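This report walks through one protein model, part by part. The sequence and structure come next, and the notes follow.

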Amino acid sequence: MALDGSLERLRREGHIVVVGASLAGLRAAETLREEGFTGTLTLIGDEPYEPYDRPPLSKQVLLGRVPVDHTALPRRLATDARWRLGVAATGLDMAAKRVALADGTSVEYDRLLIATGVRSRPWPNELEAGLDGVFTLRTRDDATRLVHRLRAGPRRVLVIGVGFTGSEIASVCRERELPVTVAERGPAPLVGALGGVIGEVAAELQHEHGVDLRCGVMVTGLEGDGAGRLRRAHFSDGDALEAEVAVVALGATRNTEWLAGSGLAAGPRGIACDAGCRAFDVRGIVADDVFVAGDVARSPHPLFGYQFLSLEHWGNAVAQAEVAAHNMISPGERRRPHLWTPYFWSAQFGVNIKSVGVPNMADQVIVSQGSLGEHRFTAAYGYQGRVIAAVTFDQAKWLEFYQRQIEQAAPFPPPFTTVDRRPEGMRPVPAGFPDPSVPTHGPEVTVSGHSPTDQRVTFTPA
């Protein structure tokens, strides 16, 4: 008993390093202190700012309602942490328990939490990406540059990619009464995240608000003038468009490159970890002193067939960070799993869109309340005979009910008669998700299989 107490005290001492001065990193640091960690705590971030909230950047900040420097995350308590801001992590030596930094220094740790998140996928042509007027939106600095340009009143804005971020940017442009063209190679907005049935509703919303929506086309090139300013975009259908501003909204890339050669199961889909947030190494063995949380993590979820899910969700980052922090300083029998049900929301074109579960795993959808035509409805998603997700347009009151259905593995289609059910919702229809081999812009949940390393092994008998 005395030995157990001594080991527990040791877990609450030492040096914990958090790489990623993000929402997940901050909440993990606060949880560590709340639960009795008394050792040294160091937070490392590649941006020069302490943790700030990202969702307002594509909404209130771009509309000019909230200054970008007012997006700092509120603190639950003092973390008494050492902050290493404006310097990126460049490598990890798990044997030496050391994180290498871009300034040539390194930081040793007893336990490590990786919460490096994601970054915007840039325009693939570097010369075109460098044109004055080409933007991405992920960071405070991105938002500062873009809102300055929107205030100048460009004659036309081009948004490339129409997932949630692209749709919100287009909505902001129309609210600012700016002409905006949206280009998407998929068949509809949000089709990768919510499917074709709901994507058609999103398309109607954009058309009704004056968006020049072009689906089924790709932007093949961005053209500048002699001074290096964006002037024209070219499309795969042969058309060209004059535009002074282009916002590239082609999804996100997980920040894992710095872990190359570290021995962790880290790659473009994120860092694989178990349900207790412990990282896997490339052999599929958990590392008891390295944990993962937030957008960069891939973890198995029992509600979804133990598939590894990468979740770009605000709520997931908080919940997973708290579980990781708890488990970092707790003995095995007191550790708990991260079983958060995915939840996401977006505000665009006057509509509040919310989802729970993993819609893009579904093969069928049914409108259970409201009407697609009125843009006010609840849609339930099914996969292999059970409810796995729900999406609401201005009907968020139903989400808690459907969350319980998901968590109870309720049958699909729902066997009950619901209120306000219209004829269009009487039977399930194909959800209309595109072929996963054809990239689209916008899924907030990435389903990436069962293997922590994504390695494929072929057995050939003698």
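## The C-terminal span

Helices (H or I, at least four residues) and strands (E, at least two) are DSSP runs, numbered from the N terminus. The UniProt annotation "domain: Reductase C-terminal", from an unreviewed entry, covers residues 343–414. UniProt positions are given in the numbering used here, feature names are shortened, and annotations may be inferred rather than shown by experiment.

The model is predicted: local features need pLDDT of at least 70 and side-chain atom pairs count only at pLDDT 80 or more, while totals for chains, interfaces and linings use all residues. Residues are numbered from 1 along each chain as its sequence is written, and side-chain values use heavy atoms, with hydrogens and water left out.

## Helix 9 and what follows

Which residues of helix 9 are buried? In this helix, residues 399–407, they are Leu399, Tyr402, Gln405 and Ile406. Seen down the axis of helix 9, these buried residues fall within an arc of 115°, so they line one face of the helix. The arc is that of the directions from the helix axis to the C-beta atoms. Buried means under 20% relative accessible area, exposed over 50%, and partly exposed in between (1.4 Å probe, protein chains only).

The cover over the buried residues of helix 9 includes strand 24 (343–348), strand 25 (351–357), strand 26 (364–371), strand 27 (376–383) and strand 28 (386–393). After helix 9 comes Ala409, with a positive phi near 55°. Pro413 is in the loop between helix 9 and strand 29 (429–430). A cis peptide bond, with omega about 0°, joins Phe412 and Pro413.

## The FAD/NAD(P)-binding annotation

UniProt, in an unreviewed entry, places the feature "domain: FAD/NAD(P)-binding" at residues 15–321. That span is 21% helix and 31% strand, and its end C-alpha atoms lie 17 Å apart.

His301 is in strand 22 (residues 297–301). Is His301 buried or exposed? It counts as buried because its relative accessibility is 5%. Leaving aside neighbours within four places in sequence, His301 is in contact (heavy atoms within 4.5 Å) with Tyr306, Gln307, Leu309, Leu339, Trp340 and Thr341. His301 and Ala24 are 277 residues apart in sequence, and their C-alpha atoms are 19 Å apart in space.

The side chain of His301 has two polar contacts described here: it reaches the backbone oxygen of Trp340 at 2.9 Å, and one of its polar atoms lies 3.2 Å from the backbone nitrogen of Leu303. A polar contact is a pair of N or O atoms within 3.5 Å; within protein, one must be able to donate a hydrogen and the other to accept it, and residues adjacent in sequence count only if both atoms are side-chain atoms.

The structure holds 3 cavities of 30 Å³ or more. On a 1 Å grid over the protein atoms alone, a cavity is a set of points where a 1.4 Å probe fits but cannot get out, and lining residues have an atom within 4 Å of a point. Grid points are joined across faces, edges and corners, and a volume is the space filled by probe spheres set on the points.

The second largest cavity holds about 40 Å³ of space. Its lining is made of Ser299, Pro300, His301, Leu309, Leu311, Asn316, His338 and Trp340. Strand 22 and strand 23 (307–311) each supply at least two residues of this lining, and strand 22 gives the most, with 3 residues.

## Residues in loops

Tyr306 is in the loop between strand 22 and strand 23. Its phi is near 60°, a positive value in a residue other than glycine, and at 52% relative accessibility Tyr306 counts as exposed. Leu190 likewise has a positive phi, near 60°. Leu190 is in the loop between strand 11 (180–184) and helix 6 (191–194), and it is buried, with a relative accessible area of 0%.

Asp295 is in the loop between strand 21 (286–292) and strand 22. At 12% relative accessibility, Asp295 counts as buried. Not counting residues up to four places away in sequence, Asp295 touches Gly117, Val118, Arg138, Arg254, Leu311, Glu312 and His313.

Methods: On a 1 Å grid over the protein atoms alone, a cavity is a set of points where a 1.4 Å probe fits but cannot get out, and a pocket is an open set with protein on both sides within 12 Å along at least five of seven lines; lining residues have an atom within 4 Å of a point.
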